[in-house]
Amino acid sequence: MGKLKAIGSHIPTLKPTVGFFRQEPKGETATREAYSPWRKWYKTARWRALRLKIFARDLFTCQRPGCGRVEGNTSMLVADHREPHRGNERMFWDEHNLWTLCKPCHDQWKQKVEQGR
């Protein structure tokens, strides 16, 4: 019994080395980022510069036929891929595959089009 008491006093000083497993991502966004490594491209300076270049090329105007909304606030614009790139790096960075959409057109119309494919 004496040995058990001696071990018990040393347990709090031991470093935890057992039981560290890779945690699964929590939340929809974290899951998408973990299983779609290309999502990190959207956070690069290269993407931010390309996005602004596309907006300027399209004169800050939504390119969806029938919309044509002009928006000076770039947070209300989306540089959208005409054809989904699905992780294809060449298609992701291709300026000819990008166009400007206003946020309502991207979040409503474009999502319906892509889900219908």
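Tryptophan 38 has a relative accessibility of 22% and therefore counts as partly exposed. The model described here is predicted. Tyrosine 42 falls in the partly exposed class as well, its relative accessible area being 30%. The two values are set out below.

| Residue | Relative accessible area | Class |
|---|---|---|
| Tryptophan 38 | 22% | partly exposed |
| Tyrosine 42 | 30% | partly exposed |

**Aromatic pairs**

Across the whole structure, a search finds nine aromatic pairs. In one of them, the ring centres of tryptophan 38 and tyrosine 42 are 6.2 Å apart and the ring planes meet at 65°; because planes over 60 degrees apart count as edge-to-face, the pair is assigned to that class. Both residues belong to a cluster joined by ring pairs, whose members are Trp38, Trp41, Tyr42, Trp47, Phe92 and Trp93. Tryptophan 93 also has a charged neighbour: arginine 46 lies over the face of its ring, 3.9 Å from the ring centre.

Strand β1 comprises residues 77-81, and five of its five residues are buried, so the strand is largely enclosed by the rest of the structure. The cover extends to both faces of β1. On one side, Leu77, Ala79 and His81 are buried; on the other, Val78 and Asp80 are buried. Strand β1 pairs with strand β2, residues 98-102, in the antiparallel sense, and five bridges connect them. Alanine 79, which is buried in β1, has threonine 100 of β2 as its bridge partner.

Notes:
Residues numbered from 1 in each chain as written. Predicted model: local features only at pLDDT ≥ 70, side-chain atom pairs only at ≥ 80, totals over all residues. Heavy atoms only, no water. Buried < 20%, exposed > 50% of the residue type's maximum accessible area, 1.4 Å probe, protein only. Helix = DSSP H or I, 4+ residues; strand = E, 2+ residues; numbered from the N terminus. Pairing = 2+ DSSP bridges. Phe/Tyr/Trp six-rings, centres within 6.5 Å; stacked < 30°, edge-to-face > 60°. Lys NZ or Arg CZ within 6 Å of the ring centre and 35° of its normal.
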